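Have the sequence and the model open as you read.

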Amino acid sequence: MYLRADDLPGGAKWTPSVRRSLELHAQGDLQGALDGVRDVPPDAGDGRLFAYRASLLLAVGSVPEARADIERALRLDPAACNALALKGIINKRLTYAALTG
């Protein structure tokens, strides 16, 4: 898991929706989990949050959106192992899509 509920800041407006997203993810509801983090502002400032959302986007097939979030995650933390691994998966999916038309 890229993000734990304990990692979230207490005062951010988006924290309750991310907590709910994490609960839904644990229950196997990927679309519900994604819906819970769609409105997280781009200035949230935590790369793990964007890596988490990228993983959800990738899981539901939204590869270009996942790529944008993983790039944001890596700008915030260039050495984040999970984000780097996801970037590799996303790039492979995009390359495959380009080759197969």
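## Helices packed on α5

The crossing of α4 and α5 is left-handed, a label used when the near helix is turned anticlockwise from the far one by less than a right angle (clockwise would be right-handed). Helices here are DSSP runs of H or I with at least four residues, numbered from the N terminus. This is a predicted model, in which local features need pLDDT of at least 70 and side-chain atom pairs count only at pLDDT 80 or more, while totals for chains, interfaces and linings use all residues. Residues are numbered from 1 along each chain as its sequence is written, and side-chain values use heavy atoms, with hydrogens and water left out.

| Helix pair | Angle | Axis separation |
|---|---|---|
| α3 (residues 47-59) and α5 (residues 81-100) | about 30° | 10 Å |
| α4 (residues 63-76) and α5 | roughly 150° | within 10 Å |

Which residues of α3 meet α5? They are Ala51, Ala54, Ser55 and Leu58, and their partners in α5 are Ala83, Leu86, Ile89, Ile90 and Arg93. Contact here means heavy atoms within 4.5 Å.

From α4, the residues meeting α5 include Val63, Ala66, Ile70 and Leu74, and among those they meet on α5 are Ala83, Leu86, Ile90 and Arg93.

## Buried residues

Arginine 53 lies in helix α3. It counts as buried because its relative accessibility is 10%, and buried means under 20% relative accessible area with a 1.4 Å probe on protein chains only. Its side chain reaches the backbone oxygen of arginine 38 at 3.3 Å. Beyond neighbours within four places in sequence, arginine 53 is in contact with Leu34, Val37, Arg38, Val40, Asp69 and Arg72.

Helix α2 (residues 30-37) has Gly32, Ala33, Leu34 and Val37 as its buried residues, and these pack against α1 (15-26) and α3.

Leucine 3, in the segment before α1, is buried too, with a relative accessible area of 1%. Neighbours within four places aside, leucine 3 is in contact with Leu8, Val18, Leu22, Arg48, Leu49 and Tyr52.

Definitions and conventions
Axes are lines fitted to C-alpha atoms, for helices over the stretch in contact, and angles run from 0 to 180 degrees between N-to-C directions. Helices (H or I, at least four residues) and strands (E, at least two) are DSSP runs, numbered from the N terminus. Buried means under 20% relative accessible area, exposed over 50%, partly exposed in between (1.4 Å probe, protein chains only). A polar contact is a pair of N or O atoms within 3.5 Å; within protein, one must be able to donate a hydrogen and the other to accept it, and residues adjacent in sequence count only if both atoms are side-chain atoms.
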